[in-house]
Amino acid sequence: MEAIMESHYIRVLPFLFEGLVWTLIITGVGLFFGFILGAIFGMGRLSKNKLVYGISSIYVEALRGTPILAQILFIYFGLPDLLGFNIDKISASIIAISLNAGAYIAEIVRGAVYSIDKGQSEAGRSIGLTRSQTMRYIIWPQAFKRMIPPLGNQFVISLKDTSLFSVIAVGELLYMGQQYYGTTFAAFEALTMVCLLYLAITVPTALYLRKVERRLDV
Amino acid sequence: MSEMITVNNLHKSFGKNEVLKGIDMKVKEQEVVCVIGPSGSGKSTLLRCLNLLEEVTSGDVFIEGDNLTGKNVNINEVRTRVGMVFQHFNLFPHMTVMENITIGPMKIKKVSKEQARKEAIPILRKVGLEEKADVYPESLSGGQKQRVAIARSLAMNPKIMLFDEPTSALDPELVGDVLEVMKDLGKEGMTMVVVTHEMGFAREMGDRVIFMDEGVIMEEDIPENLFGNPQHERTREFLSKVL
């Protein structure tokens, strides 16, 4: 028993839990803002206004077309050069997740809203609801249901993406594991536990999503 | 009786495809006008221009004297006076029957929820679905759905009702209930424009029947004349196929 408690598998855990907390904070806050961005630019992608559509499309394509690793380096090292002030690591990470997930969520929002039958908005408009009332009361509630599974999927993707922020030494889960084996050389034990902790979040999420999907399917 | 709907030289194109090629029509208060014709003749498009669900390419549409193609028209306000019933019902699936009916009065006329529900009950009774107030549309038959759709429009207290092939998506045995509700409405004096393939309904309820073909009104008359003694070859041809 003592041997187990003394092993690297256990001794690494306090570090990893600290990292996991940051991973979850960055993912959670990042996705919160990412959803706002996604909702705005997703609706922009459905706009008939060419300027709004154009700006939204540039955002989506630019962020989906570049690696998130380049994005985080750009935000953390690149932007301060231009702006003349530094951005702290956690803020940079949250901004990177928000912008990156926002682009993918924009496509989720666009797809879900677009998938609602045109007759729904016609029925709303024909009783006299305005365009925005129709969106709010008729289209959005139906579209949001369809967004839940892909949003959950995006959560899993973004959660894993936060591991890339170890390159700017953000104290997230993977970075904390690296720190541990940097001093103890117990890379196998540390990385095993890192992966198990990622799985402890992603697998239940995936299972839960499958359940939700089945329920929405009827 | 005053003009409820006036259409002057209405043209509608989808890209290069001209669907309506100069339509003139008038509908008087309390009149029931049935529009018949082969598919692709433009009758649904004409109907959808009457509440601007389709943008008009050129020409004018007046509803109770308001020019819908004019600059100062508040189309949302006009639409509260013009109910529309669709072929595929288009009920809101995330709302109960009661919510489907009360959303218009609550959000547009700012009626309180209690008041809206109170006013919805006689309307539900009229379409024979009082006991279905709290169910979701998915549990209703097609005929019941269409009657809820009619009730949803009536809740706005419209002056005009537009029907776009309201029975075409229904199983034959469910058509009757919907037609009954429409007949009651017509008898109560509702101004109605009905695009339909139900020749029996057109013959019985139509004050006037319009036959459309290839984007124009070929012929219009009282049902006895249009069905009994059609003037145009195209009308005769169409009627011989459907009757």
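# Chat about a two-chain predicted model

Biologist: Where does UniProt place the feature "domain: ABC transmembrane type-1" in chain A?
Modeller: The UniProt record, an unreviewed entry, puts that domain at residues 20-209 of chain A. Keep in mind that the model here is predicted.

Biologist: How much helix and strand is in residues 20-209 of chain A?
Modeller: That stretch is 84% helix and 0% strand. Its end C-alpha atoms are 21 Å apart.

Biologist: Which residues of chain A does UniProt mark as "transmembrane region"?
Modeller: The unreviewed entry lists residues 20-44, 51-78, 90-109, 155-175 and 187-209 of chain A.

Biologist: What is the helix content of residues 90-109 of chain A?
Modeller: Residues 90-109 are 100% helix and 0% strand. The end C-alpha atoms lie 27 Å apart.

Biologist: And what about residues 155-175 of chain A?
Modeller: There the chain is 48% helix and 0% strand. The ends of that span are 20 Å apart, C-alpha to C-alpha.

Biologist: Switching to the surface. Which residues form the nonpolar patch?
Modeller: A:Val21, A:Trp22, A:Ile25, A:Val29, A:Phe32, A:Phe33, A:Ile36 and A:Ile40. Together they have about 690 Å² of accessible area.

Biologist: Where is A:Val29, and how does its accessibility class come out?
Modeller: A:Val29 is in helix H3, residues 13-45 of chain A. A:Val29 counts as partly exposed because its relative accessibility is 31%.

Biologist: Which residues make up the positive patch?
Modeller: A:Arg210, A:Lys211, A:Arg214 and A:Arg215. Of these, A:Arg214 is in helix H10, residues 187-217 of chain A.

Biologist: Is A:Arg214 buried or exposed?
Modeller: Exposed, because its relative accessibility is 58%. The cut-off for exposed is over 50%.

Biologist: Salt bridges next. How many are there over all chains?
Modeller: The search of the whole structure finds 24.

Biologist: Which residues are linked in a network of salt bridges in chain A?
Modeller: A:Arg45, A:Glu61, A:Arg64, A:Glu107 and A:Arg110. One of the bridges joins A:Glu61 and A:Arg64, with the closest N and O atoms 3.8 Å apart.

Biologist: Why are A:Glu61 and A:Arg64 about one helical turn apart?
Modeller: Because they are 3 residues apart in helix H4 of chain A. A:Glu61 is partly exposed, at 41% relative accessible area. A:Arg64 is also partly exposed, at 31%.

Biologist: What else sits in helix H4 of chain A?
Modeller: A:Gly54 does; the helix covers residues 50-64. The C-alpha atoms of A:Gly54 and A:Gly44 are 8.4 Å apart, and the two are 10 residues apart along the chain.

Biologist: On to chain B. What does UniProt say about residues 5-239?
Modeller: The record, an unreviewed entry, annotates them as "domain: ABC transporter". The span is 37% helix and 26% strand.

Biologist: What does B:Arg117 pair with?
Modeller: B:Arg117 forms a salt bridge with B:Asp134, at 3.4 Å between the closest N and O atoms. The pair links distant parts of the chain, 17 residues apart. B:Arg117 is in helix H4 of chain B, and B:Asp134 is in the loop between H4 and helix H5.

Biologist: And what about B:Lys126?
Modeller: Its side chain meets that of B:Glu188 in a salt bridge, 3.0 Å from N to O.

Biologist: Last one. What is phi of B:Asn9?
Modeller: Near 45 degrees, a positive value in a residue other than glycine. B:Asn9 is in strand S1, residues 3-14 of chain B.

Technical notes. Residues are numbered from 1 along each chain as its sequence is written. Chains are lettered from A and ligands numbered from 1 in the order in which they are written. This is a predicted model: local features need pLDDT of at least 70, side-chain atom pairs count only at pLDDT 80 or more; totals for chains, interfaces and linings use all residues. Side-chain values use heavy atoms; hydrogens and water are left out. Patches are made of residues with over 30% relative accessible area and no salt bridge: like charges are joined within 9 Å, nonpolar side chains (Val, Leu, Ile, Met, Phe, Trp, Tyr) within 5 Å. Accessible areas come from the Shrake-Rupley method with a 1.4 Å probe; for residues, only the protein chains shown count as cover. A salt bridge is a side-chain nitrogen of Lys or Arg within 4 Å of a carboxyl oxygen of Asp or Glu. Lys and Arg count as positive and Asp and Glu as negative; His and the chain ends are not counted. The place of a charge is taken as NZ of Lys, CZ of Arg, CG of Asp or CD of Glu. Helices (H or I, at least four residues) and strands (E, at least two) are DSSP runs, numbered from the N terminus. Buried means under 20% relative accessible area, exposed over 50%, partly exposed in between (1.4 Å probe, protein chains only). UniProt positions are given in the numbering used here, feature names are shortened, and annotations may be inferred rather than shown by experiment.
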